[in-house]
Structure formats: structure tokens, C-alpha cells
Amino acid sequence: MGKTDISIWYFNGLLLTAYGLMIGGYGIYELVRGQTAPVVLAHLHAPVWWGGGMLILGLFYCIRFAPGKRKPQPAHQGE
Amino acid sequence: MRIAPHGNALAALLLIPAQHQRMAHLAPLDFAVIAVYFAMVIFIGFYLKQRNDTSEEFFLAGREMTAWIAGLSFISANMGSLELMGWAAASYQYGILAAHAYWIGAIPAMLFLGLVMMPFYYVSRTHSVPGYLKLRFGESSRLLAAISFAVMTVLMSGINMYAMALVMKVVLGWNINFSIWVSSVTVASYVALGGLRSAIFNEVLQFVLIWAGALLIPILGLIETHGWTGMRARIAQNFPGQDFTHLWHGLGTFNNPMGVHWTGIVFGMGLVISFGYWTTDFLVIQRVLSAKNLRAAQMAPVIGAAFKMLVPVIVILPGMIALALLPHLLPESVAAQTPGAYSYNEVLPLMLVRYCGPGLLGLGITALIAGFMSGMAGNVSAFSAVWTYDIYQAQINKRAADHHYVVVGRWSTILGVLASIGAAYLVMQFASIMDYAQALFSFFIAPLFGTVILGMLWKRATSAGGFWGLLSGTLTSVGLYLWVHFNPAALAHVAFSVHAKMMAENFYRALWAWSVCILVTVVVSLGTTPKTDAELNGLVYGATVLPRQEAVPLYKNHWFWAAVVMILFLMVNVVFW
């Protein structure tokens, strides 16, 4: 039907990529600066690996479900 | 449970920011994370605005969603404040017993919906659950169900708003009215613009976001407590003599944190409330009705059940970790009188602040906001459909053009949000948010399940039987509630024990209401004339020829996956026995 041109999974990818960049980037900034936020278990540098994980997952969805690169089926279905 | 007069509730609400010191300050990065999310959901609403020319597209997303999208939306619509704040608070009160809501209180019912009930909802081409009752039992049953659903939906949406505002107040010190209005306007915008399709798109987005924002808490929490074993040891040390870590072991008596016997869990929660909610609440059924075909509609609840089984990781586990690490949280009423103290209703944001610095804190807050907004969007989109189809079209304007109903749907979305805002101010005085929701469920959902299940499975059920069963069940529930409210000693009769706590009382009240509904429906039906098989085609088991479905490989078969989910469900119950 082509009623929607962008897959919901692409939107997911965009959001995760943006968050991955923002949070992962901040985590790296903390590492470089050598000073972390005053939270419990700060030495584990959660922003780095959690942000990195979101970035990888987000990029996967962005590439896999990029607009115009999808199977010829109702566009929003995203399978 | 006490319902405060409206004025007192409002006054209490406005006083709260002065009583609490905020937990955290957001950094610019946190604001940026939240802003990105709001920009995305509003964009989706505008993006999908042009795709809602007909009422079928606006209210049922054109019936073209895949099983995955319908399935994730199916459980995401349910992940409002009740899931995130309410059950985290409940797990702090009741320990792992709260996980029953996700396992025996959800999984069997969701599988039953997909395998047994969905064919009738889908084949009848109904637009709503009250619409099914119209086809099966007639107009009076539909009207009763539609009005009770509309009332319940608005109240539930009010709970959502209260919980969201509570989080913003506790964590950030934000003005409670600001929080309510910003989230309400956002939800009203994207649902009124894009209809159910927009709600579903956002619910899938919110589902991913909730996991991204909330999963870090149990991971870091278990690291801090040195794993599950360490957490259990700390809980035992903090609360000697109390069992917070067994699912079934302590349910042989009422002497457990929930004050409930296993019969209340199995029959009250597991049978009546769970089946009532997951198989007749239009909020969730609407998502499955949007599926592109019957197979997708049957697979969607199975997919939803698989993910539902995992939700305790981000909801129940943080509450239990808090039992190990923060053993001094208080009931809301006590905390409000104690300077510097926090209540167990705030356990999830407390854990969030404990582990999350800039960026991650914003993500966690965004996850909570997303949860609240998905729950609110679920409520208002379902309210809009029921109001438009089952009240406005059925009772007020039967012959308008299709486009007119789309316009009514958009305006009723806004009306639903405004009514929810009013309801938000009524929920302040309750000791636990979840207990209140359970009371609502038992008022309306339990008898509705009795009516729908008899309607689908018993050809002999008549229109009069359906209506009087539904009415008597609802009145029974309200009557029992008032009885205990004015005479607490009545608890010994309603819940079989004076030691039963509020949640146990709700389970047993639901069981009573459902039983009365079934009994009255059967008795009245046997005394009245049933419809013919031809009239019941597409509506009742035994009178319906279901469409033949083409053979598919095992990995696409919903019966196979339902069996897998059922086995996993049994395993978690044994492991945490």
C-alpha cells in the first residue's frame, strides 16, 4: 500500500544511534577527563559500554531499515 | 484504601514539592536526551497525520500491522505507570510475589487470547470489545460495557499522569502541574494527529526505549549486591523472618508479605483478573485487532507473552534490589509526614539516581516518561475508539459520513486527555498506586470477562443473560468494595481472612464478581430464548466456521511458539518456587 514510507524500525535505529552518540560520547569524555559523576559503581564507566551498545544496535537498524532499501511490502511493516 | 475528596487531593498534590527535596539535578545532556525523545514522538505524529483518511485507519491503523509490531504494541500499551512505578513499588512491598502479575497473572491469559479468543474478535470484524458484545448480546450490553470501559480508562489514565508527575517531582523537583500538562499535550498531539497508527509506532519506540533506559538498573544492582545470592542474603538480613524471595513457597497460608493465599493468586489474579484484563480490555485488544490477518492477530499475543515474561527483570528486580540496599523506604502516608524520608512508591527513581550520571539519568527519565506516555496513549486511543463507535455512533449520530467519525475521534482524544487530567488529581491519597488499579480492574474487568467468555464459548447464552450477568457482576464488585470500606471486619467474608491485605482483597472481590456474573448469565440464559446458529456465525465457538489458514513452517506456527512460551513459564515458576 505504501501508506508510510519510513519503517518504525528505522525510527528506532535513529533514536538509539543518537542516544548512543550522546551517552557514549559523554562516557569517553569522562574517561579522558579522569573524573566521573558521583554515582554508585562509577568506576565501571557504564556510559561508555551502554552508550556503545546502543550505538551499534542503532546503526544496525538504521542500515537494515533505511528508507528506500526495503522489501516490496507495506512500508511500515518492517520485517 | 481511601478516596479523598477532590479538594483535599488537589491540595495534597500541590504541597508535595515543598515536602521533598529533589533527588537529582539534570545536566544539559539529560535535557538534550529528553528533548530528542519529545521531538521524535511529535515528528511521528505529524508524519503519520496524512495517513488517516478513514475511520478504520484512524481507529484500527488500517488493519495492516505485522505480528511483531502488533505484539510489541500489545504489551507496550500496558507498560504505563502501573508497570514501571506501581509494580516496582509492589515488589518492594511484597517481594518476588509481585512477579505473579507478570507470569501467572499474564502469560496463560495472553496465550489463551491468541489461540482461542482472537479468531472470534478478528473474524467478527468488530471495531471494539463493546462492539463484539453488541453483535453477541445486543445494544444494552454494549452500552453498559462501553460506559464502564470509558470510566475505567479515564481513571487509569489519571493514574498514569499522577505517577509521571510523581517521578518528575521526586527526581527533579519539577512542578507537578507542568509535568502533567507537558506530557498530556504531547500525547494528545500525536494520537489526535496520527490515530492508532501513531500510537502504535510510538509504543514500539517506547518499548525499545524503556528497555534501553531501565535495564541498566538491575545489571548494576546485581553487581553491587554480588549477584542474586548476595541480594537474597541481604534481604534476609534486613527483614529477618519475612520471605520476599519465593514465588509459591509461602502461599500455603495468609502469612506472607502480600497476605494472600495461593487460591487468591491462582483463581483471583491468575484466572479472573488476568484473563479479564488480557482478553477483554480493549486497550490491549485494539492493538491486536490492527494485525494484517488472522495469523498475525493470533501470533501477536504470543510474541507479547514472550516479552512480558522478561519484564520483571526491569520492574520487579529493581524493587527487590532496593529491599537489599535501601531497607528503610516507607509507605506514602508515613513518608509524607517524615522529613527527608522517601516512600516505596519512589523506589524506581531512587535506584535510577543511585546508578546513573549525566546522559544515563536523562535516558532513564526518558524511559519513565515513555512508559507513562505509552500507557496514556493506549488509554486515550482506546477511549476515543469506544466513545466514537460504541457511544457516539451507537447512541447519538448513527448515519454520519465516515470522515465525520474521524473528526469525532480526534476531538474525543483531546476530551479523553482532559478527563484524565481531572482524574489524576483523585489518586493522591492511596497507599499504593497498584492497589488502586487492582480495585478498578475488579469493578469492571472481572464481570466483563465472565460475559465475553460465556458469549464466545457457550451458544446457549442469551442477550438477556449477558446483560444481567454483566450488570450483576459489576454491582457485586462495587457492593463488596463498599461493604469492606465501611466495615473492615467484612474482609473476613470477602477475602476469607481478616489478615488479607488490600491486593488480596481485590483478587477475591474479582473472583466473587466473576462468579456472580457467570451464575446470573447461566440462570437467565436458561430461562430465555437463545439465538440461532446462523445468527451466531462468526461469534461463538461451535457456530462459527473459521477461515482456513494455509500451512506454514513450524517456526511460523503460533501453536508451536505458544507451547515454547508455556514451557518457559512453567520453568520460571519452578526455579523461583
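1. Let's start with His45(A), which lies in the loop between helix 1 and helix 2 of chain A. Helices here are DSSP runs of H or I with at least four residues, and strands are runs of E with at least two, numbered from the N terminus. His45(A) has a positive phi of about 50° although it is not a glycine. This residue is partly exposed, with 15 other C-beta atoms within 10 Å. For the cut-offs, a residue is buried if 20 or more other C-beta atoms lie within 10 Å of its own, exposed if 12 or fewer, and partly exposed in between, with C-beta atoms placed from the backbone.

2. Leu41(A) is found in the loop between helix 1 (8-33) and helix 2 (46-64) of chain A, and its phi is near 65°, a positive value in a residue other than glycine. Leu41(A) is partly exposed, with 15 other C-beta atoms within 10 Å.

3. A word on the model and its labels. This is a predicted model, where local features need pLDDT of at least 70, side-chain atom pairs count only at pLDDT 80 or more, and totals for chains, interfaces and linings use all residues. Residues are numbered from 1 along each chain as its sequence is written, while chains are lettered from A and ligands numbered from 1 in the order in which they are written.

4. Now for confidence, where pLDDT is the predictor's confidence in each residue, from 0 to 100. Chain A averages a pLDDT of 83, with 81% of the residues scoring at least 70. Chain B averages a pLDDT of 83, and 92% of its residues score at least 70. For the complex, the predictor gives an ipTM of 0.86 and a pTM of 0.83.

5. Please treat two stretches with care. Over residues 74-79 of chain A, pLDDT stays under 50, and the model has 18 contacts beyond four places in sequence for them. Over residues 1-19 of chain B, pLDDT also stays under 50, with 30 contacts beyond four places in sequence. A contact means that the C-beta atoms of two residues, placed from the backbone, lie within 7 Å. Among the elements of chain B, helix 1 (residues 6-19) has the lowest mean pLDDT (34) and helix 10 the highest (94).

6. Chain A has two helices and zero strands. Of its 79 residues, 39% are buried. Residues 24 or more positions apart account for 80% of the contacts in chain A with a separation of 6 or more.

7. On to the interface: 31 residues of chain B are in contact with 26 residues of chain A. Helix 2 (28-47), helix 4 (67-76), helix 9 (176-214), helix 10 (216-224), helix 17 (347-355) and helix 18 (360-396) of chain B each supply at least two residues of the side that touches chain A. The residues on that side of chain B divide into 23 nonpolar, four polar and four charged. Here Ala, Val, Leu, Ile, Met, Phe, Trp, Tyr, Cys and Pro count as nonpolar, Asp, Glu, Lys and Arg as charged, and the others, Gly among them, as polar.

8. Helix 2 of chain B is worth a look. Its buried residues are Leu29(B), Asp30(B), Val33(B), Tyr37(B), Val41(B), Ile44(B) and Gly45(B). They pack against helix 1 of chain A together with helix 9 and helix 18 of chain B. At 1.5 Å a residue, the 20 residues of helix 2 of chain B should span 28 Å, and its end C-alpha atoms are 28 Å apart, which agrees. The expected span is 1.5 Å times one less than the number of residues.

9. Helix 15 (residues 312-325) of chain B passes a similar check: its 14 residues should span 20 Å, and its end C-alpha atoms are 18 Å apart, which agrees. Twelve of the 14 residues are buried, so helix 15 of chain B is largely enclosed by the rest of the structure. Among them are Pro312(B), Pro318(B), Gly319(B) and Met320(B).

10. Finally, Ile265(B) sits in helix 12 (residues 262-280) of chain B and is buried, with 23 other C-beta atoms within 10 Å. Leaving aside neighbours within four places in sequence, Ile265(B) is in contact with His100(B), Ile104(B), Leu251(B), Val260(B) and Gly270(B).
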